[in-house]
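Subject: The model, and notes on its helix packing

Hi there,

Here is the structure I promised to pass on.

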Amino acid sequence: MAGPAASENQNFCFKDELDAFKLCLSPNKEVILEHYLAGWSGLVKFLNRLGNVFGFISKDASSKIQILRNFLNGESGSEYFTVQSMVKYELENKLVDLKKAGSHPESGCRTLLRLHRALRWLELFLERLRTSQEDGKTSAMCAESYNESLAQFHPWVVRKAAGLAFCMLPGRLAFFEVMNVGTPDQVVAMLGEALPVVTEVYQITQELYAKHDLLDIP
C-alpha cells in the first residue's frame, strides 16, 4: 500500500512549485515576499527529492525561509509584505548590520540575501539542464553554475564538499523524472516558460540590493 511519502511524490509537480514565482511580482514590479518564499519552498522540495546531494543547500534554505516567515507573521509583518518594503523598513530602523556582524545576525535583509545568492545558482543550473544535450553531464553543469554564483561566498571546505557532492548527481533524464512534469520535451518547454520569471525576480532583487549597498552584508 502506498504511504504518505509515495502520495506526496505523486502530487509533486515542479511546474506548480515554480508557478509561485509568477505571483511574486506586483503590478509595479515589487517582489511579494510571501510568494517568493513559496517559490523557494518548492525549490527545496525539488532538491530534497534528489536525495542528500543538495542537503547543504536545502537545509540552509529551509532555515532562512522560516526566519523570513517569522517576520511576515510577526508584529511588524506588514513591513515585510514586499522585499522593497522590508529593505526600507530595516534600513530606516537600523535593523541591518551593514559592515560587520553585530546585533542583527538574522535581519530580513541579510537572510534574504543568502536565498538570493542560492537562487542565482539554481537559475543557472536549471537553464543549463534545459539547454543541454540528453547525455550532458549534470555534475559539470552544476559545478559550473556553482562556481559562477555561490562558490565565491563559501569557505574552501564547503566548496570542496560541494564539488564532491556534485559528482554523485544523477543524469539529466533523472532530474526530469523527479520534476514530474511529463516528457523531456514538456520539461524543457516548462523550464523555458518559468525560468525567465525567476530571472526577473532575481534581477529586480539584485538591483534593489545594489542600490542600497546590501550585496555584501556580512
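First, some housekeeping. This is a predicted model, in which local features need pLDDT of at least 70 and side-chain atom pairs count only at pLDDT 80 or more, while totals for chains, interfaces and linings use all residues. Residues are numbered from 1 along each chain as its sequence is written, and side-chain values use heavy atoms, with hydrogens and water left out.

**Confidence**

The chain has an average pLDDT (the predictor's confidence in each residue, from 0 to 100) of 91, and 95% of the residues score at least 70. Contact here means heavy atoms within 4.5 Å.

**Overall fold**

The chain has 10 helices and 0 strands; both are DSSP runs numbered from the N terminus, helices being H or I with at least four residues and strands E with at least two. The radius of gyration, taken over C-alpha atoms, is 18 Å, close to the 17 Å that the globule rule gives for 218 residues, so the chain is as compact as a globular protein of that length. That rule is 2.2 Å times the number of residues to the power 0.38. Along the principal axes, the C-alpha atoms fill a box of roughly 50 × 35 × 35 Å.

**Helix pairs**

A word on terms before the pairs. Axes are lines fitted to C-alpha atoms, for helices over the stretch in contact, and angles run from 0 to 180 degrees between N-to-C directions. Under 35 degrees counts as roughly parallel, over 145 as roughly antiparallel, 65 to 115 as roughly perpendicular and the rest as oblique. A crossing is left-handed if the near helix is turned anticlockwise from the far one by less than a right angle, and right-handed if clockwise.

- α2 with α3: the axes of helix α2 (residues 14-22) and helix α3 (residues 33-48) come within 7 Å and cross at roughly 155°, which makes α2 roughly antiparallel to α3. The crossing is left-handed. The contact of α2 with α3 divides into 9 nonpolar, 3 polar and 2 charged residues (Ala, Val, Leu, Ile, Met, Phe, Trp, Tyr, Cys and Pro count as nonpolar, Asp, Glu, Lys and Arg as charged, and the others, Gly among them, as polar).
- α3 with α6: α3 also packs against helix α6 (residues 108-131), at about 55° with the axes 12 Å apart, so the two are oblique to each other. Here too the crossing is left-handed. Residues of α3 including W40 and F46 meet residues of α6 including L115 and L119, and the contact has 13 nonpolar, 1 polar and no charged residues.
- α5 with α10: helix α5 (residues 83-92) and helix α10 (residues 184-211) pack at about 15°, their axes 11 Å apart, and are therefore roughly parallel. This crossing is right-handed. V83, Q84, M86 and V87 of α5 touch I204, L208 and Y209 of α10.

Best wishes
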